[in-house]
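Hi everyone, thanks for coming. Have a look at the structure on the screen, and then I'll walk you through some of its details.

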Amino acid sequence: MTQSTISLTAFRPDHLEGALRLSRQAGWPHRLEDWQLALDLSAGFVALDASTVVGTILMTPYKRDVATVNMVIVDEAVRGRGLGRKLMDAIIEQAGLRALKLVATGEGLPLYQKLGFCRTGTIIQHQGMVAPVEAPANVRSAESHDIFGILELDKSAFGADRRCLLRTLAEVGQLAVLDRGHGIAGFAASRSFGRGEVIGPVVAANADDGKALLSFFLARSEGRFVRVDTAEGAQLSAWLSEHGLAQVGDGIAMQRPVAVQSSPSPFTTFALASQAFG
């Protein structure tokens, strides 16, 4: 296998089995269903050596403003030959004028810095078997009329319109809202993922509200395997560990270019949708 034999092509459904092989090689928990969901919401490329998938990259666009880069994997047999750079160059061109966000490993950090990505924070991954947690007051399952309020809260916190993602999460999983009788004060999503479930995004005005939204799903998942990816600044690590979700790794949140600061939002994203969606 030589670099000259490797070509890039658009990521299609018939590449999913090859992509799954790469994610298993990398030790990632994604199932074929998780790859399918990512591809349904994204566009990207695979690197092929003949018919063998040896690299993947996806971009999940949110209108014309922002996109997340995810599922960047290079087969260990061809690493060190510039294939990661080739995949990134292709996805940057595809993104056009959109600001790009990603979560980097330490290994990938030098490449992303060369490509103009700047560090914006740290993402901490928690996972484990859920310990007993009390179901919260004022949090309920979302109803169809809640979706407009959910979309507005998410846009305020994330900085871009993610309606396609959130409507999909409502179909494949479940949404919950924090409701004190004066309008929606926060929301959370949960769905099947990897070895069990993933909770995220979680958007709320403060950490206590974020914990209440997380507790809604944790209380329903006692004894089951759950993953939560949270920003270091959310300061939820100790609380998550107390409820059985140990810290198992971290990543580096990055963006290219760094966006111009807009008006401050009263809402914060306390948990990401997952590694695949930011």
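So, how many salt bridges does a search of the whole structure find? It finds eleven, where a salt bridge is a side-chain nitrogen of Lys or Arg within 4 Å of a carboxyl oxygen of Asp or Glu. In general, side chains of opposite charge can pair when their charged atoms come close.

Before we look at a few of them, some ground rules. This is a predicted model, where local features need pLDDT of at least 70 and side-chain atom pairs count only at pLDDT 80 or more, while totals for chains, interfaces and linings use all residues. Residues are numbered from 1 along each chain as its sequence is written, and side-chain values use heavy atoms, with hydrogens and water left out.

And pLDDT? That's the predictor's confidence in each residue, from 0 to 100. Here the protein's mean is 93, and 96% of the residues reach 70 or more.

Okay, back to the salt bridges. One of them pairs aspartate 154 with arginine 162, at 2.7 Å from N to O. Are these two buried or exposed? Aspartate 154 is buried, at 0% relative accessible area, and arginine 162 is buried too, at 2%. The cut-offs are these: buried is under 20% relative accessible area, exposed is over 50%, and partly exposed is in between, with a 1.4 Å probe and protein chains only.

Next, aspartate 161 and arginine 163 form a salt bridge, with their closest N and O atoms 3.0 Å apart. Aspartate 161 sits in the loop between α5 (147-158) and α6 (163-172). At 13% relative accessibility it counts as buried, whereas arginine 163 is partly exposed at 36%. Leaving aside neighbours within four places in sequence, aspartate 161 is in contact with Tyr62, Lys63 and Lys155, contact meaning heavy atoms within 4.5 Å.

There's also a network: salt bridges that share partners join Arg140, Asp146 and Asp179. Within it, arginine 140 and aspartate 146 have their closest N and O atoms 2.8 Å apart. Arginine 140 is partly exposed, at 23%, and aspartate 146 is buried, at 3%.

Now let's go to helix α6. Which of its residues are buried? Leu165, Leu166, Thr168 and Leu169 are. They cover an arc of only 160 degrees around the axis, so they are on the same side of α6. That arc is taken from the directions from the helix axis to the C-beta atoms. A handy rule to remember is that an α-helix has 3.6 residues a turn, so residues three or four places apart point the same way. And what do the buried residues of α6 pack against? The list is α2 (32-41), β3, α5, β8 (174-179), β9 (184-193) and β10.

Leu165 turns up again in the largest nonpolar core, which has 35 residues. By a nonpolar core I mean a set of buried Ala, Val, Leu, Ile, Met, Phe, Trp, Tyr and Cys residues joined through side-chain atoms within 4.5 Å. The members that touch the most others are Phe11, Trp35, Leu58, Leu165, Phe187 and Phe277. Take phenylalanine 11: beyond its neighbours within four places in sequence, its contacts include Leu16, Trp35, Phe45 and Leu58. A second, separate core has 26 residues, among them Ala67, Leu83, Met88 and Ile91. In soluble globular proteins, nonpolar side chains tend to be buried together.

Last stop, the backbone. Where are the cis peptide bonds I picked out? One runs from glycine 200 to proline 201, with omega near 0 degrees, and proline 201 is in strand β10 (residues 196-204). Another joins arginine 256 and proline 257, with omega about -20 degrees. Proline 257 is in the loop between β12 (246-256) and β13 (268-271).

Alanine 50 has a phi of about 60 degrees; you'll find alanine 50 in the loop between β2 (43-49) and β3 (52-62), exposed at 67% relative accessibility. Asparagine 138 has a phi near 70 degrees. Its place is the loop between β6 (118-129) and β7 (139-141), and at 42% asparagine 138 counts as partly exposed.

Notes. Helix = DSSP H or I, 4+ residues; strand = E, 2+ residues; numbered from the N terminus.
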